[in-house]
Amino acid sequence: MLLPRAAGAVRGRAGRSPPALAALSQVLRLERNRRSDVVFPLQKLTRYLAPGVDAARFRLFQPGLAALQRAEALFRAGRGHAIDYVSSAVRMDHAPPPALPEVCFVGRSNVGKSSLIRALFSLSPEVEVRVSKTPGHTKKMNFFKVGKYFTLVDMPGYGYRAPKDFVEMVEAYLQERSNLKRTFLLVDGVVGLQKTDHIAVEMLEEFGIPYVMVLTKIDRASRGLLLKNVLEIQEFVKEKTQGCFPQLFLVSSLEFSGVHLLRCFVAHVTGNLPTVEGN
């Protein structure tokens, strides 16, 4: 858990300070319970569980401060460590070579996928992740190279305003991308699993793709609603899935809740934090 304090806010290469709480050094200035809630928002909900409810799935991936700091360093560009947009592709033969471990982010068109990726890269403001007010802005697979460590892919959204060739594009990627280590399936934390999300789960299960569910927009959900959705999705994962990591990840791209933990999980599944708990 987070105990020591770190000094000094981090500035981007362009001289701009990152948003509030984007860096661990900012989070560590908070009082203990508050900083724990920011880094581990899912564990915060255990306080409100009914007696006898199993809380094991709330804390399967619980890295310490050193691992969180190592992961943050991967997401901060610097001399000898470039974070760059590489290319976009609508077909697999346009995708960059599969040279590095890779993760992809997929979800419904208005789930906040690009906003979350921008939050993950917020300590490197020179990395441009376009976020549109119009759902369905992402029409291609967008590849971002994180130094020599891994590649992150922003996939087109499904459902409302999805590209016409979405199924062909995404199915080909999931089946052919040999360096894909984990798929991050984003689900709206306010409305929970929708019909289109179930279709995405069925596709991932059919292809045998390891994935994890990330609940977005948790700042917009009341505590009771969020806990209800979490428990329902946890039960669904337990009873209906085989390839899904049993712990959910809760995030707010606005308040940076859960973003530090998600950075750490990305670093872990790409092989850059091999000793951290949770597979």
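I took a contact to mean heavy atoms within 4.5 Å. On that basis I looked up how far apart the partners are, and found that residues 24 or more positions apart account for 73% of the contacts in the protein with a separation of 6 or more.

I noted that this is a predicted model, where local features need pLDDT of at least 70 and side-chain atom pairs count only at pLDDT 80 or more, while totals for chains, interfaces and linings use all residues. Residues are numbered from 1 along each chain as its sequence is written, and side-chain values use heavy atoms, with hydrogens and water left out.

I then looked up the secondary structure, taken as DSSP runs numbered from the N terminus (helices H or I, at least four residues; strands E, at least two), and the protein has nine helices and seven strands.

For burial I used relative accessible area with a 1.4 Å probe and protein chains only, buried being under 20%, exposed over 50% and partly exposed in between; buried residues make up 55% of the 279 residues.

Finally I checked the neighbours of β4, counting two strands as paired if DSSP finds at least two bridges between them. Strand β2 (residues 102-107) pairs with β4 in the parallel sense over four bridges, with cysteine 104 opposite valine 153, whereas strand β3 (residues 141-146) pairs with β4 in the antiparallel sense over five bridges, with asparagine 142 opposite aspartate 154.
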